[in-house]
Amino acid sequence: MQGLHLTADLHHCDCDSAWLLDARLLGVACRDAVQAAGLQAVGELFHAFPATAQGPGGVTATILLAESHLCVHTWPELRAVTLDVYVCNFGADHSAKAHALLDGLVALFAPTQVDRQSLQRGRPG
């Protein structure tokens, strides 16, 4: 179960609003980012939430990876995004691919502030 868990909280995203609102569009971008990072998607779900009194509804995009998962949650009323990438390192070290995936998505949303966290999970051997 050894692996790497990366998270990033993106603030003041200067991207086109469609990336924060359109589940289909965000889903395509997530698929493309997974492929570009060299990871293998095995399932996916993209869900748009309805608008509320606070503003337009956001999107949750999840891609199950052979290596584990990617989750993206958008908060359009805050121009914010939370990213979550976990890769297990069973059989090979996928850490560089996890970082590439996270970096690609951070670039997509163009935040002015990024809070990143990294957690090594499990024990070797």
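Student: How much space lies in the largest pocket?
Tutor: Happy to start there. This is a predicted model, in which local features need pLDDT of at least 70, side-chain atom pairs count only at pLDDT 80 or more, and totals for chains, interfaces and linings use all residues. A pocket here is an open set of points on a 1 Å grid over the protein atoms alone, with protein on both sides within 12 Å along at least five of seven lines. The volume, the space filled by probe spheres set on the points, is about 170 Å³.

Student: Which residues are the closest to the centre of that pocket?
Tutor: Lining residues have an atom within 4 Å of a point, and residues are numbered from 1 along each chain as its sequence is written. The largest pocket is lined by 13 residues. The closest to its centre are Phe49, Gly58, Thr74, Trp75 and Glu77.

Student: Which strand gives the largest share of the lining of the largest pocket?
Tutor: Strands are DSSP runs (E, at least two residues) and helices are runs of H or I with at least four, numbered from the N terminus. S3 and S4 each supply at least two residues of the lining. The largest share, three residues, comes from S4.

Student: What is the order of the strands in the open sheet?
Tutor: Two strands pair if DSSP finds at least two bridges between them. Six strands with antiparallel pairing form this open sheet. Its edge strands, each pairing on one side only, are S2 (41-48) and S6 (113-121). The order is S2-S3-S4-S5-S1-S6.

Student: What is the bridge partner of His5 in S6?
Tutor: Let's look at the two strands involved. S1 (residues 3-11) and S6 run antiparallel and are joined by nine bridges. In S6, His5 has as its partner Leu119.

Student: At about what angle does helix H2 run to S3?
Tutor: Axes are lines fitted to C-alpha atoms, for helices over the stretch in contact (heavy atoms within 4.5 Å). Angles run from 0 to 180 degrees between N-to-C directions. Helix H2 (residues 23-37) lies across S2, S3 (59-65) and S4 (68-75), and its angle to S3 is about 30°.

Student: Is Ala110 buried, partly exposed or exposed?
Tutor: Ala110 sits in the loop between H3 and S6, and has a positive phi of about 50° although it is not a glycine. Buried means under 20% relative accessible area, exposed over 50%, and partly exposed in between (1.4 Å probe, protein chains only). With a relative accessible area of 32%, Ala110 is partly exposed.

Definitions and conventions
Side-chain values use heavy atoms; hydrogens and water are left out. On a 1 Å grid over the protein atoms alone, a cavity is a set of points where a 1.4 Å probe fits but cannot get out, and a pocket is an open set with protein on both sides within 12 Å along at least five of seven lines; lining residues have an atom within 4 Å of a point.
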